[in-house]
Amino acid sequence: MNLAVLRDIGTSPVDDDIARIARTTQCIAIVGLSPNEDRPSWGVARYLKSQGYRIIPVNPGHAGGTILDERVYPDLRAIPPEMAVDMVDIFRRVEAISATVDQAMAHLPRLGTIWMQLGVRHPQAAGRARARGLTVIEDRCPKIEFPRFL
């Protein structure tokens, strides 16, 4: 089936990736997760947790505390490998994306997905991650995307 036909029936290669991610992901590190319930990161994390995903908050300003009853880590390096993070959801400005992606690739041995939130794209970091075999989703939100496939 050609790509035009796939789009006509509502599926695309990105949709296929998102469907696979939604169904196979178990543990998500959320970089930039805020304890403020009014922030989008908190709402997304709460939704993901309600759907059975393990969430790991990453926020240096709140390290050692808890958000949504989960221990907060200062950065991705501090997450123990046995926590088996398979997706990193990034709530950071575009300037921080490159370093965050590099840190994720260097310190999370089970990582399979890099997810950049709405309004965030970083072609260079995405390219490096894809070259390492990771799936990269840019400018999307799992709280919006996952319900279509669960």
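**The sheet and its surroundings**

Reply: Over residues 21–120, the chain is 29% helix and 22% strand, with the end C-alpha atoms 19 Å apart. That stretch is where UniProt, in an unreviewed entry, places the feature "domain: CoA-binding". Keep in mind that this is a predicted model.

Start with the overall layout. An open sheet is formed by 5 strands, in the order β2-β1-β5-β6-β7, and the pairing is parallel. β2 (54–58) and β7 stand at the edges with a single partner strand each, so one side of each has no neighbour in the sheet. From one strand to the next, the twist averages 20°.

Now β5. This strand spans residues 87–90, and both of its faces are covered. Met 87 and Asp 89 lie on one side, Val 88 and Ile 90 on the other, and all are buried. On one flank, β5 pairs with strand β1 (residues 27–31) in the parallel sense, over 4 bridges. Within that pairing, Val 88 of β5 is the bridge partner of Ala 29. β5 also pairs with strand β6 (residues 113–116), again parallel and over 4 bridges. Here Ile 90 stands opposite Met 116 in β6. To get from β5 to β6, the chain passes through helix α4 (residues 94–107), and this β-α-β crossover is right-handed.

β6 and β7 pair in the parallel sense over 3 bridges. Ile 114 stands opposite Val 136 in β7. Helix α2 (residues 13–24) packs on the sheet and touches β5, β6 and β7. The direction of α2 makes about 110° with that of β7.

Then α5. This helix covers residues 123–131, and its buried residues are Ala 125, Ala 126 and Ala 129. Why do they fall on the same side of α5? They cover an arc of only 100° around the axis, and that puts them on the same side. The cover over the buried residues of α5 includes α4, β6 and β7 (135–137). Gly 133 follows α5, and its phi is positive, near 90°.

Asp 69 has phi near 65°, a positive value in a residue other than glycine. Asp 69 sits in the loop between β3 (66–67) and β4 (70–71). Is Asp 69 buried or exposed? Its relative accessibility is 71%, so Asp 69 counts as exposed, the cut-off being over 50%. Ala 84 has phi near 55°, also a positive value in a residue other than glycine. Ala 84 is in the loop between β4 and β5. At 19% relative accessibility, Ala 84 counts as buried, because the cut-off is under 20%.

Note on methods
Residues are numbered from 1 along each chain as its sequence is written. This is a predicted model: local features need pLDDT of at least 70, side-chain atom pairs count only at pLDDT 80 or more; totals for chains, interfaces and linings use all residues. Side-chain values use heavy atoms; hydrogens and water are left out. UniProt positions are given in the numbering used here, feature names are shortened, and annotations may be inferred rather than shown by experiment. Helices (H or I, at least four residues) and strands (E, at least two) are DSSP runs, numbered from the N terminus. Buried means under 20% relative accessible area, exposed over 50%, partly exposed in between (1.4 Å probe, protein chains only). Two strands pair if DSSP finds at least two bridges between them. A crossover is right-handed if, with the strands pointing away from the viewer, the path from the first strand over the helix to the second runs clockwise. The arc is that of the directions from the helix axis to the C-beta atoms. Contact means heavy atoms within 4.5 Å. Axes are lines fitted to C-alpha atoms, for helices over the stretch in contact, and angles run from 0 to 180 degrees between N-to-C directions.
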